[in-house]
Amino acid sequence: MRQDLATAIPLNVRRPQPSVVAPDFSPDRSTERQFLGQLGQRVRAARGRQGLSRKALAKASGISERYIAQLETGKGNMSIVLLRRISNALEARLSTLLPVDETIAV
């Protein structure tokens, strides 16, 4: 006689899992805060060189004034696409806004 598959193979049987420890890629939060703070300072400085208010930058980039304020104070964590829009509105190269410091792991 043929057994029904549902009764032949119990579903609650746990298969042994390999004992592999994944490497720890969790970010260092203080390093992230430092990076975002420096990024915000660079955006604020570039905005100042262009003589733009936050409101004018918001209009030119299509990003809210509040979000730009968060970025400039190091509290915003912006996507690279939005950062690119800000760099275009500031007529600045994206690379000039990104902090490059050997002591900060990016």
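## Meeting the chain

A residue counts as buried when its relative accessible area is under 20%. With that cut-off, 27% of the 106 residues of the protein chain are buried. What you see above is a predicted model, so please read everything below as a description of that prediction.

The protein chain holds 6 helices and 0 strands. Read from the N terminus, its elements run α-α-α-α-α-α. The chain exposes about 8,400 Å², and carbon and sulfur atoms supply 53% of that area. Among contacts between residues at least 6 apart in sequence, 60% join residues at least 24 apart.

## Where α3 meets α4

At what angle do α3 and helix α4 pack? The angle is about 115°, and the axes of the two helices are 8 Å apart. Angles of 65 to 115 degrees count as roughly perpendicular, and α3 and α4 are therefore described as roughly perpendicular to each other. Their crossing is right-handed. From α3, the contact draws on R54, K55, L57, A58 and S61, while α4 brings E65, I68, A69 and E72. By type, the residues of this contact divide into 4 nonpolar, 1 polar and 4 charged.

Between these two helices runs a loop, and S64 has its place there. S64 and R54 are 10 residues apart along the chain, and their C-alpha atoms are separated by 9.0 Å.

## Where α3 meets α5

Helix α3, which covers residues 54-61, also packs with helix α5, residues 80-89. Here the angle is about 110° and the axes are 9 Å apart. α3 and α5 are therefore roughly perpendicular to each other, and α3 passes α5 in a right-handed crossing.

Which residues make this meeting? On the α3 side they are L57, A60 and S61, and on the α5 side R85, I86 and A89. The residues of this contact divide into 4 nonpolar, 1 polar and 1 charged.

Next, have a look at two residues of helix α4, which spans residues 65-72. L71 is found in this helix. Its relative accessibility is 1%, so L71 counts as buried. What does L71 touch, beyond residues up to four places away in sequence? The list is L36, L39, G40, V43, G76, M78 and I86. One of these, G40, is 31 residues from L71 in sequence, with the two C-alpha atoms 5.2 Å apart in space.

Leaving out residues up to four places away in sequence, E72 touches G40, Q41, V43, R44, R47 and R54.

In helix α5 you will find S87. Its relative accessibility is 2%, so S87 counts as buried. Setting aside neighbours within four places in sequence, S87 is in contact with A92, R93, L94 and L97. L94 and L97 fall in helix α6, which is given as 94-97. S87 and R47 are 40 residues apart along the chain, and their C-alpha atoms are separated by 9.5 Å.

The loop between α5 and α6 holds E91. At 68% relative accessibility, E91 counts as exposed. What is the phi of E91? Its phi is near 55°, a positive value in a residue other than glycine. For background, most residues other than glycine have a negative phi.

Methods:
Residues are numbered from 1 along each chain as its sequence is written. This is a predicted model: local features need pLDDT of at least 70, side-chain atom pairs count only at pLDDT 80 or more; totals for chains, interfaces and linings use all residues. Side-chain values use heavy atoms; hydrogens and water are left out. Helices (H or I, at least four residues) and strands (E, at least two) are DSSP runs, numbered from the N terminus. Buried means under 20% relative accessible area, exposed over 50%, partly exposed in between (1.4 Å probe, protein chains only). Contact means heavy atoms within 4.5 Å. Accessible areas come from the Shrake-Rupley method with a 1.4 Å probe; for residues, only the protein chains shown count as cover. Axes are lines fitted to C-alpha atoms, for helices over the stretch in contact, and angles run from 0 to 180 degrees between N-to-C directions. Angles under 35 degrees count as roughly parallel, over 145 as roughly antiparallel, 65 to 115 as roughly perpendicular and the rest as oblique. A crossing is left-handed if the near helix is turned anticlockwise from the far one by less than a right angle, and right-handed if clockwise. Ala, Val, Leu, Ile, Met, Phe, Trp, Tyr, Cys and Pro count as nonpolar, Asp, Glu, Lys and Arg as charged, and the others, Gly among them, as polar.
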